[in-house]
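Below is a short briefing on one structure, written for a reader who is new to the subject. Please look over the sequence and the model before going on.

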Amino acid sequence: MSTDALRAAPSVGTVAVCLCTHCGLPVPTGLLDEAVSEQFCCSGCRTAFAILNERGLERYYAFTDRREIPVRASGRSFEEFDHPAFAERYVVHQADGLARTELYLEGVHCASCVWLVERMPMVVPGVVRAELDVRRSLAVLEWDDAAVPLSAIARGLDQLGYPPHPFRGVARDAMRRREDRAMLVRIGIAGAIAINIMLAALALYAGQLNGMDPAMTRFFRWISFGLAVPAFVWPGRVFFVGAWASVRTRSLHMDLPIAIALAAGMGQGAINTIVDSGPVYFDGLAVLIFALLVGRFLQQRGQRIATDATELLSSIAPLSSRIIEDGRSRELPTDALLPGMVLDVRTGETFGADGIVVVGRSMVNAALLTGESRPVAVSPGERVFAGTLNVEAPLQVRVEESGESSRIARLLQHVEASARRRAPVVQLANRMAGFFVAVVLVAAVVTFIVKWRTAPARALDDAIALLIVTCPCALALATPLSITVAIGRAARRGMLIKGGDALELLAKPATLVLDKTGTITEGSTALAAWIGPDWVKPFVLALEQGSSHPLADGFRRAWTDLPTGVVTEEHHVTGGGLEGVVDGRLIRVGSPRFVRDGGGALNAELQDGIASMDRTLTPVHISVDGVILAVAGLGDRVRADAQQSLDRLRAAGWRTIMLSGDAADVVDAVGRSLGFAPGEAIGAASPEDKLAYVERLKKAGRVVMVGDGVNDAAAIAAAHVGIGVHGGAEACLSTADIYLTRPGLSSLVELVEGSGRTMRVIRRNIAFSLGYNAIGASLAIAGLLTPLIAAVLMPASSLTVVLGAWHGFTFSRDRT
Amino acid sequence: MSVIYVVLPLALVIVTAAVIAFIWSARSGQFDDLDTPAVRMLHDDKD
């Protein structure tokens, strides 16, 4: 049993901070219960702890590396998971009678998550097997569907803090897995053969220097030949298939010259083996096949993740919605909503469709869709959109547009279209290698023609020697290897880079477009100003404790260590604020108008305070027994490192533009304070505007878009490089090329600087391998290429490139 | 010197066995997820 609930925590003032037994975060004073040893920061953690205890899974608390996130169970019934339509799409019935599905889990982090998710068979009886792929947050579940419905398993995961979503890419995933496995097998075979042929070649070279029995020489040559044939027909086949496709479609592809070189070398090598004279090229060919396959595999893996784009985006709209039919409410899959139905949306829920409010007044947080940081009041007759959040009071909404035609779905279609339109990645290495191979082919032909006239006996040998020795072995490895190393290092520093091309595009300064809410600012409401006596605070906190309003959240987060009073009466005025009796005194907290309506006026000190307050903040007035005593300013704070980071980027030559969906006056104020040029801090931009703006900028040059919300997703996908920042919508980030897991903009600076260094390492590597090839080619043309020189040059060039990629300074090597 | 005529084919047989083992492991999906097993082995399990 864990006892770290009461582990000595840093004390703030005189109040010791007590940590939650489950997640290890401070427990709000109001929830402290002195009588028991376990303390919880929220009911979610309490439930999760109870489940773990009941099922004998307390060992979870022995992990030192636990996730420090409060359990936010969505509390949904997940009824739709049992729907036949759901089962048909996502559930596979296996031969052994078990059902199997893949679920995408939110909130998966580290070792403890793997442990816990894989103990699902103990948490929900009937589950037979649970396996978690921690990098992709994907869980494979097998269960007996006669014993337990999938919805019960989903609820179990949800209660532990991993709300599940159906994984919509099962078929494509299976295909990729097959491709990956086939590729690995090819690399394995090519590698094993290449190494063994090299060993045989070493014996032959040694024999040439020191003399060797002709029978032995013949034996080794035939062994090499015998080994080369399988390397050729199995792993090497991909190049011939690619070359043939390139011939048929009449487009030039890198496979074509490679296939020619392979076929020519193999043919000549076979003839030389049979007639027992002249060089055999099998060692070079086998290594070439191996190196090319490895390079291709690394590259393909990187690009693969980049195309995962829109998968997760669709998980934003809720899977199920409650509709009201004949006066009763029932749950329905969101896909089944039709115009005309009436939705019942409770406080804290997300709208499942676009519609018009018919009953109720509330505030709607559309930050995810539009970037507007302040909730907007809605009343009957006004529109609300799917994917936005109802924060204040229950609403009934008549569905106007649902599914594919909702605003968010149309936005996602933009994202997909932009992602598809993005030009196929033309990588530096491919361009170089194509050019390089063309030059080599021409050189080989010229060598052959010239030699044919002067020394016909050596013409073919020298031409083929040239083809083999200059094969773009090191060249094919230089870029993928450097990029893979850089991406690995960057990942340890909290920058997840999905495609190597992003590094290339970030290496030189261009236009940088930044979203405001959540990117430059913290993206959540925080208490930024307080004018008034401190003794009022506990009263405010007591009232706000039970509210789901974002402003209430700001108070709660600012004053986690304050005691709270006892609320004896409380009611909530929509669009106004809260009124209640705390410790016998009448307290009002809310909009200036609402509080002033309760009587009282502002004193001179408060008036001065308001006048000097930052205009981007939302003012909240507080009155005690009818007298206004305090004013609080809540707003979205600019990140601490924003100014410094922006200055550094500007100094490096980047043009910075702020593009936000937030109100123009707020954006203006933030823009001025951070030194954006006039006209380069643009507010009130809808997601569609952002997309159009980025498209327009793209005509003038490279555009990098940084954002966090769904409202940025289309623009992120359209930009040359899209970057998602920490804390953004988990789903939206999947469209970005790069995801920064550390909060703040300083990692953006590090990313840009690291990209530049990576490109320098790559260029240096390419220069090295070109140098080697130039020497090899000149020797071959001059007819001086002895097998020994070839044997030294080939591995030396590859080795230099590997060492260069590994030791080149790209991203700092320490873990954060 | 003729021992090489025996040893070399023998070496090739061993290499073939290793390659077959590799093909089997790749096809049974042992290289599909390279991150989770690294984490999973930290759980010393009694259950």
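Which residues in helix H23 (residues 664–673) of chain A are buried? They are A:Val666, A:Val667, A:Val670 and A:Gly671. A residue counts as buried if 20 or more other C-beta atoms lie within 10 Å of its own, as exposed if 12 or fewer do, and as partly exposed in between, with C-beta atoms placed from the backbone.

This is a predicted model, in which local features need pLDDT of at least 70 and side-chain atom pairs count only at pLDDT 80 or more, while totals for chains, interfaces and linings use all residues. Residues are numbered from 1 along each chain as its sequence is written, and chains are lettered from A and ligands numbered from 1 in the order in which they are written.

**The two chains**

- Chain A has 27 helices and 29 strands. Helices (H or I, at least four residues) and strands (E, at least two) are DSSP runs, numbered from the N terminus.
- Chain A has 816 residues, and 46% of them count as buried.
- Among the contacts in chain A with a separation of 6 or more, 68% join residues 24 or more positions apart. Two residues are in contact if their C-beta atoms, placed from the backbone, lie within 7 Å.
- Chain B has two helices and zero strands. Of its 47 residues, 2% count as buried.

**Where chain B touches chain A**

- On the chain B side, 18 residues are in contact with 16 residues of chain A.
- Helix H1 (4–27) and helix H2 (36–40) of chain B are the elements that give two or more residues to this side. The largest share, nine residues, comes from H1(B).
- By class, this side of chain B has 11 nonpolar, two polar and five charged residues. Ala, Val, Leu, Ile, Met, Phe, Trp, Tyr, Cys and Pro count as nonpolar, Asp, Glu, Lys and Arg as charged, and the others, Gly among them, as polar.

**Helix H23 of chain A**

- The buried residues of H23(A) fall within an arc of 130 degrees seen down the helix axis, so they line one face of the helix. The arc is that of the directions from the helix axis to the C-beta atoms.
- These buried residues pack against helix H17 (516–520), strand S24 (627–638), strand S25 (655–659) and strand S26 (681–682) of chain A.
- The exposed residues A:Asp665 and A:Arg672 are on the face turned away from the buried side of H23(A).
- After H23(A) comes A:Gly675, with a positive phi near 75 degrees.

**Helices H22 and H26 of chain A**

- Helix H22 (residues 642–651) and helix H26 (residues 746–781) of chain A pack at an angle of about 25 degrees, with their axes 8 Å apart. Axes are lines fitted to C-alpha atoms, for helices over the stretch in contact, and angles run from 0 to 180 degrees between N-to-C directions.
- This angle makes H22(A) roughly parallel to H26(A) (angles under 35 degrees count as roughly parallel, over 145 as roughly antiparallel, 65 to 115 as roughly perpendicular and the rest as oblique).
- A:Ser645, A:Arg648 and A:Leu649 in H22(A) meet A:Ser746, A:Leu748, A:Val749 and A:Val752 in H26(A).
- A:Arg764 is also in helix H26 of chain A. A:Arg764 is partly exposed, because 16 other C-beta atoms lie within 10 Å.

**Residue A:Met120**

- A:Met120 lies in helix H4 (residues 120–123) of chain A. With 23 other C-beta atoms within 10 Å, A:Met120 is buried.
- Leaving aside neighbours within four places in sequence, A:Met120 is in contact with A:Val127, A:Ala130, A:Ile153 and A:Gly156.
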